Amino acid sequence: MRFSQFFASFCALRERSPVEKLFPDSRYAIAADLHLGDGGGMDTFGRYRGLAESVLGAVYLAGGHTLVLAGDTEDLRAFWSKDITQSWPRIYALLDEFASQGSLRKLLGERDLGLIRKQRPRYRFHHGLRLDWEGFEFFVLHGHQAARYFAGMDYQDFLQKQLHKPSRIRDEGDMDDAGRLYRTERRLYRASLRLGIATLFGHTGRMLFESRTEYDDLRSSIESLLRRESPKTEEGSSVIDAMLELYRKELARMERHGQVPGMTLQAGEEGSLAPCLFNPGFAGGRKGLNFLEIEGGRLRMVRWVPFARIPRSLRARSLAVDEFEEYGVARCILRETSLASVRDRVELLARRG
């Protein structure tokens with residue numbers, strides 16, 4: 001697929017998407033790829049049922065957040081819709097409450113496109129959402145639109161073709177195929193930089209913050225620690241030595257699971273990488289619930305875990321850990337930046353490009 005074909009499709013999708021203003025007191029919680037199923041052994045989100053109910057209800061709903069579900073909330077490719085709703089009554093009750101307050105934004109991905117066929121869907125849905133911060137745009141979408149199969153596709157035509165002659169759709173969220181994953185992210189990167197916007201998406205399942213993966217950040221942290229000196233502890237080893245050991249173990253784990261650097265090959269002039277891509281990863285990741293948060297003019301990547309089981313390596317890598325002991329959950333802030341900083345850097349690199 002030519003980039004020009006995708007770019008035209010991307011621009012058309014963006015033009016059709018609703019626009020909302022961001023203010024200093026705006027609060028948004030963005031998650032992608034919940035993949036809700038029938039609650040059985042094949043339902044990958046099942047392990048986070050209690051954690052998700054506490055985070056959505058006690059923290060985000062009570063805190064006045066607008067909840068953005070950025071696609072693939074239900075896995076309609078593997079489960080029947082009625083089985084999903086019957087298996088997750090508490091989650092849907094919370095979503096109903098968000099919707100009744102006008103604070104639910106539901107976007108569609110490739111796994112829940114079947115909702116288009118419903119004459120009376122439970123929630124109003126869109127394919128994209130544009131968040132305007134002082135004239136700069138954060139565009140939220142699922143991201144499957146950058147896959148070759150979906151670019152330029154009218155969704156009604158797509159569903160009709162699938163009903164009459166189903167075809168095998170390759171899942172670009174498959175972490176075993178780095179090639180497809182890179183191509184999807186590169187198209188979104190190039191389109192965002194050309195338009196001078198930031199894109200928040202899901203689909204590929206890789207956590208990205210300012211176009212960098214966790215792997216990138218961990219390697220950068222190790223390099224930074226190696227340049228520093230640290231006072232000795234009572235045992236004689238330095239504090240930095242202990243941190244390095246934790247980081248190296250985590251880096252080795254990532255490499256064993258096939259995680260690789262992010263958009264480093266897409267750096268612009270003078271080796272500058274535009275901070276225009278943000279991906280919270282699968283909502284129910286391997287070690288907790290992943291969200292992007294917008295609050296007080298800042299954007300952060302967070303991971304929610306049970307209060308009593310915060311991994312030592314996660315605590316060490318987090319900028320801060322907020323403990324909600326009364327609800328049994330803890331929020332680990334992995335990355336954070338200001339919306340103004342993202343705007344300034346993207347606009348600068350977009351002009352250079």
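Residues are numbered from 1 along each chain as its sequence is written, and side-chain values use heavy atoms, with hydrogens and water left out. As the model is predicted, local features need pLDDT of at least 70 and side-chain atom pairs count only at pLDDT 80 or more, while totals for chains, interfaces and linings use all residues.

Me: How much space lies in the largest cavity?
Reply: A cavity is a set of points, on a 1 Å grid over the protein atoms alone, where a 1.4 Å probe fits but cannot get out. Its volume is the space filled by probe spheres set on the points, which are joined across faces, edges and corners. The structure has three cavities of 30 Å³ or more. The space in the largest cavity is about 80 Å³.

Me: Which element gives the largest share of the lining of the largest cavity?
Reply: Lining residues have an atom within 4 Å of a point, and here they include A52, V55 and L56. Helices (H or I, at least four residues) and strands (E, at least two) are DSSP runs, numbered from the N terminus. Two or more lining residues come from each of β3 (66–70), β12 (289–295) and α2 (49–61). The largest share, three residues, is that of α2.

Me: Which residues have the most contacts inside the largest nonpolar core?
Reply: A nonpolar core is a set of buried Ala, Val, Leu, Ile, Met, Phe, Trp, Tyr and Cys residues joined through side-chain atoms within 4.5 Å. Buried means under 20% relative accessible area, exposed over 50%, and partly exposed in between (1.4 Å probe, protein chains only). The largest core holds 50 residues, and those with the most contacts inside it are F138 and V140.

Me: How many disulfides does a search of the whole structure find?
Reply: A disulfide is a pair of cysteine sulfur atoms within 2.5 Å. C276 is buried, at a relative accessible area of 0%, and C332 is buried, also with 0%. The number of disulfides found is zero.

Me: Is D33 buried or exposed?
Reply: D33 sits in the loop between β2 (27–31) and α2. Its phi is positive, about 60°, although D33 is not a glycine. With a relative accessible area of 2%, D33 is buried.

Me: Is E134 buried or exposed?
Reply: E134 lies in the loop between β6 (128–133) and β7 (136–141). Although not a glycine, E134 has a positive phi of about 50°. Its relative accessible area is 57%, so E134 is exposed.

Terms used:
On a 1 Å grid over the protein atoms alone, a cavity is a set of points where a 1.4 Å probe fits but cannot get out, and a pocket is an open set with protein on both sides within 12 Å along at least five of seven lines; lining residues have an atom within 4 Å of a point.
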